[in-house]
Amino acid sequence: MPNPTLCVYTTMYPSAKPYLNDWYQSILRQTDQDFQLWVGLDAMSVEEATAAIGDDAKATWVLSEPGDSPAQVRQRALERIVERYDGVVLVDSDDILHESRVAVARTDLQQGDLAGCALNLIDRTGTPLDMIMTLPSTVLLDELFPRNNIFGLSNSAFRTDLLRRCLPIPSATVLVDWFLSTRAWLYGGRLLFDRIARMDYRQHDQNMAQVRPPFTEIQITRDTNRVIEHFQIVTRMLGPETITERVQRLDQVRHDIQTFYDRVVVRTSVMKSYLESLNQLPPTPIWWASVAHPSLRTMWAEGI
């Protein structure tokens, strides 16, 4: 795939309106402009999106249908994209692309099937939060899965021959990014990660997972339930092409999370101790590390 055909895909929704102009301006600043723009609209019209962007964006718009879940909105667009392009660059519409994002994704997809990049955290106003989400230098990608995720819908790019195998996305899926990356890992896809930040990742109440302390009991309980649900959905979708050894690792992690729920989440005094310890640890710049944190394993694991 010497020069893959690419599209950039994002989903727009009402609460992202304040950020759409910044996002679109960063699209226009890409050093590589040889791509087509696709936008899934979740509870928005083309007119509303265009007004919020402040420009007549040249995009292929994919409209949601009444009752669509967020997963269905993305499935509706991605199932069309995988039939038209060699690769797709995924970005969130409330974030900001650095100028090299598309160019580097194109290069990475010549070597890998799923490529990610580090994220520079910013607040609502765009002010840097002095934290970068990236793959820790001591962790290999194969060791990260299936316990955590570093491939989000804002910092990933897929070769579509792999993405096609990862679809469909079940309608009840909340953690769409983790569902897709876990499926890619289970299929033995070649994973790459660029530790240079090529996206500004906005932190606000709509973020699916918090990565910065202080964590609260409500957050850990909510996140644990989401992680349990994630593993249930992935397990239901297992097929004959998945790698047996990786399915076994998936089962072990799923068991660990359930143990964490039974020993920490539903026991108030243990949860309090867990939170006190968790909030004293250095931030772990990957998604879902706050649930059953390995450094606190003595508080929740069996046989210890």
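A residue is called buried when its relative accessible area is under 20%, exposed when the value is over 50%, and partly exposed in between, as computed with a 1.4 Å probe on protein chains only. By this scale A43 is exposed, with a relative accessible area of 55%, whereas W288 counts as buried at 4%. The model is a predicted one, in which local features need pLDDT of at least 70 and side-chain atom pairs count only at pLDDT 80 or more, while totals for chains, interfaces and linings use all residues. Residues are numbered from 1 along each chain as its sequence is written, and side-chain values use heavy atoms, with hydrogens and water left out.

**Overall fold**

The secondary structure comes to 10 helices and nine strands, where helices (H or I, at least four residues) and strands (E, at least two) are DSSP runs numbered from the N terminus. The radius of gyration, taken over C-alpha atoms, is 19 Å, close to the 19 Å that the globule rule (2.2 Å times the number of residues to the power 0.38) gives for 304 residues, so the protein is as compact as a globular protein of that length. Buried residues make up 55% of the 304 residues.

**Core**

A nonpolar core is a set of buried Ala, Val, Leu, Ile, Met, Phe, Trp, Tyr and Cys residues joined through side-chain atoms within 4.5 Å. The largest such core holds 102 residues, and Y9, M12, L78, F158, L180 and F260 touch the most other members. With contact meaning heavy atoms within 4.5 Å, and leaving aside neighbours within four places in sequence, F260 is in contact with residues including I220, Y274 and W300.

**Local features**

D92 lies in the loop between β4 (87-90) and β5 (96-97) and is partly exposed, with a relative accessible area of 22%. Not counting residues up to four places away in sequence, D92 touches T10, W23, L153, S154 and Y201.

A43, in the loop between β2 (35-41) and α2 (46-53), has a positive phi near 60° although A43 is a residue other than glycine. W288, in the segment after α10 (268-278), likewise has a positive phi, of about 75°, without being a glycine.

| Cis peptide bond | Omega |
|---|---|
| F145 and P146 | about 0° |
| L167 and P168 | about 5° |
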